[in-house]
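Please open the structure in your viewer and keep the selection tool at hand.

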Amino acid sequence: MAISMTAPAATGAGPVTLARQEQRFAVALLAPALLLLLLTTTIPLVYLAWNSLQRIDLGMPWLSGFAGLGNYAKMGSDPRFWSSLWLTAVYTASTVALQVVIGLSLALLVLQIPKGQGVLRIAAILPIVLAPVVVGLFWRTLVLAPDFGLVDLVTRSAGLASHNWLGDPQLALISVIAIHTWQWTPFAFLVMLATLATLPPDVYEAARLDRARPWQRFVYITLPLIRPAIVMVVIMRTMTALSAFAAIFAATGGGPGSSTEILNLYAYRTSFSELNVGYGASLAMVLMGITLAVSWLMFRLRKAR
Amino acid sequence: MKRHPVRHALLWLMAGLLLAVWAFPVLWALLTSFKSERDVLAYPPVWRFAPTLDNYREVLFGGSSILPNLWSSLVVSFSTTLLTMLFAVPAAYALARLNYPGKRASGFYVLATQMLPPMGLIIPYYLVLQKIGGLDSYSGLTAIYLSFSLPFAIWLMVSYFEDIPFEMEEAALLDRAGRMRTLWYIILPQVRGGIAVTTIFVFLNAWNEFLFAVVLGGNKVRPVTVAMFNFISVEQTQWARLAAGAMLAMAPVILIGLFAQRHIVKGLTVGAVKGGGRR
């Protein structure tokens, strides 16, 4: 009896029952996890959507009630919302671009070192395994603190005076971008390094015989071959950047003022500092819409070529 | 490739520089954790100082001991990891290897849940748990941790299940071994490595989590990531104690990172190339 377990059910009594048996088994294995996902993610999201239509003020509960689309209408004239949207774009675009460019350059560099890649890999693992909140606190104290931080030690000994790296609005934004880039570039680096190591050497051999220049080899051979990995890194890093929280919270708390307050931070502060949970829920809905739209767009782009 | 000594030296210099940039803040924190509060604030910084264990003593057994917080983190991370693996491994097997109606849709659903921003989940959890008195409880925190660990673990495990050849399970099935027995005795042993990597990642992510912990935690359940703020107040920052506390809090993940280095890189790349992975 030659039956393929993997092909869809063929004709005949035996395979049909086997296919049905396989289906039943699949449902038994999958249903508990899907049910749990439904309970822990989807139902809470429905409740989030419902709450985004409410006015919920935990500080003044007597004001709470149905607000319809009021929360969403309020965003139009809320400068802090538009500023947070702009900061989200700046933060996401700059951190993702920096991670990919630095990570890829480093990987190309390190690939040429015959020995000692292991040590570098260990150094690269360190930032990745650290909790973002700890990274934020390290940077806030040891690296960026005025006078005593590492960066100030360098700038002071270079004669560039001390700066309030997290207290000045402009510098604070640059600082949180630097922190994020520091922590997650190793991820891009490791993925690129692993991908580059799997590229077929014979293609490069042929290119060398054709006297292709190094940059031509990079643009016409390497880049197309590692494109899927780059796209994947961009997608994953974009998701992380859009919901970045702990490191910014620890380093600046969104401040000074609201100069590092990306949409994620704004939704948090509105809900849990200002206790305006209804408006916070609608901000979270917008963030979710953006996240899903961006990921959908990127997956489309990934398939496009 | 041509090998020039100068070029090599330059390469090493660059590589060393990047090593320093990534490792130095961590090593600096380690150094700081052994300094007295006076040495910490010395300018220029002192490289030679009398090392002291006072900070660790204070952080472990002093007034603001983080021992209860380490316990909180351990309980939440452990229960999250156990539950996640229990549910994710069978589901991933079904997604990777079995045929059933709605396969694409269920795979897409798992992927979509992985894309959800945590901020969208924390608000409903807070409102519900507040109503039913579930704030500051292990079960509440574990439930919300499942929301990010489950999709992640399922997708990572799918990529490991997809890597094993079909022949063995077909042979076992033709021997009338039964599907459950085949999964348990034939398939699972082949993805042992994948299970180990996934377990490590789920544990790491749960241990490092902060947003859910700070909102849903309280005096009883207060993971160590939240406790780091014990050492920071508006008036002053206790640098050396913060460094010591952070070193203790991060010791488990740093050790896992060092020992499971190869596996972590493989997990990251499997996830990255095939489409799983969140962090």
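Select domain 1 and domain 2 of chain B: their centres, taken over C-alpha atoms, are separated by 35 Å. Domain 1 covers 1-25 and domain 2 covers 60-274, bounds that come from an automatic or database domain assignment.

The model is predicted: local features need pLDDT of at least 70, side-chain atom pairs count only at pLDDT 80 or more, and totals for chains, interfaces and linings use all residues. Residues are numbered from 1 along each chain as its sequence is written, while chains are lettered from A and ligands numbered from 1 in the order in which they are written.

Next, display both chains. The contact takes 81 residues from chain A and 80 residues from chain B; two residues are in contact if their C-beta atoms, placed from the backbone, lie within 7 Å. On the side of chain B that touches chain A, the largest share, 13 residues, comes from helix α1 (residues 5-32) of chain B. Helices are DSSP runs of H or I with at least four residues, numbered from the N terminus.

Now select helix α4 (residues 117-129) of chain A and helix α13 (residues 239-259) of chain B. Their axes come within 9 Å and cross at roughly 145°; axes are lines fitted to C-alpha atoms over the stretch in contact, and angles run from 0 to 180 degrees between N-to-C directions. Among the residues making this contact are A:Ile122 and A:Leu126 of α4(A), and B:Val253 and B:Gly257 of α13(B).

Finally, select A:Ala284. Which residues does A:Ala284 touch, not counting residues up to four places away in sequence? They are A:Leu48, A:Ala267, B:Met119, B:Gly120 and B:Ile123.

How values were computed
Helices (H or I, at least four residues) and strands (E, at least two) are DSSP runs, numbered from the N terminus.
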